[in-house]
Every structure is written in structure tokens, then in C-alpha cells.
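User: Please look at the following model with me, and let us take the questions one at a time.

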Amino acid sequence: MNYSGLLVACKPGCFSQALEAVSEISGAEVHQKQEEASRFIVVVEAPSVTEETEIFKSISALDSVMDVSLLVHHFEESAEINPLDNFEKLTQ
């Protein structure tokens, strides 16, 4: 699973409109909001980098959004995979 943190900067007077539009995008979840600065943080969760990129593009294309910046990206293996499995095999 891929996780990203995005900073979304809204066009002047468009904070509420951008917030509502991003909230409707599947895979995007609004977290911190700074209405006075006209920006908010979005966490994106997607199974692939391609899908994650499409969500980023969807947010960037909104009329109410001025800019989207990638703050952090993290990839996490499936919970069913134990990363120590390979380590244990190597140390035997």
C-alpha cells in the first residue's frame, strides 16, 4: 500500500469549495485544516503508485486548488508479509 501526505493550497476564497471537492475523492482523506492560510493536509492511500498519482492529479486539476505539494511518501508491504521472514532465513 502507498501512502502520501500532500499540502493543498487553495485559490483565494475557495477554501470550502476545495475542501469539499477533495473530501469526495476516493483514497484522499483531509486531515489538518488551516482556513486562515487557505491550505490543508491530505493523506492519500492507494494500492499502487499509478493510482496514487491519479489521485494527486485529480486534486491538482480542481478549479479551487492553486497548488499541491508532496510532503511525504511511504510504501508498506501487505500485513500478511512478515519482513523478518527473509532475515530469519538468511541468518540460519
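User: Is Phe15 buried or exposed?

Analyst: This is a predicted model, in which local features need pLDDT of at least 70, side-chain atom pairs count only at pLDDT 80 or more, and totals for chains, interfaces and linings use all residues. Residues are numbered from 1 along each chain as its sequence is written, and side-chain values use heavy atoms, with hydrogens and water left out. Buried means under 20% relative accessible area, exposed over 50%, and partly exposed in between, with a 1.4 Å probe and protein chains only. Phe15 has a relative accessible area of 8%, so this residue is buried.

User: What is the geometry of the ring pair between Phe15 and Phe40?

Analyst: Rings of Phe, Tyr and Trp (its six-membered ring) pair if their centres lie within 6.5 Å, and planes under 30 degrees apart count as stacked, over 60 as edge-to-face and the rest as tilted. Phe40, at 1% relative accessibility, counts as buried. The ring centres of Phe15 and Phe40 are 5.9 Å apart with planes at 80°, so the pair is edge-to-face.

User: Which elements hold Phe15 and Phe40?

Analyst: Helices (H or I, at least four residues) and strands (E, at least two) are DSSP runs, numbered from the N terminus. The pair links distant parts of the chain, 25 residues apart, with Phe15 in helix H1 and Phe40 in strand S3.

User: In what order do the four strands form the open sheet?

Analyst: Two strands pair if DSSP finds at least two bridges between them. Five bridges join S2 to S3 (residues 39-46), and Gln34 stands opposite Arg39 in S3. The edge strands are S2 (28-34) and S4 (65-75), and with antiparallel pairing the order is S2-S3-S1-S4.
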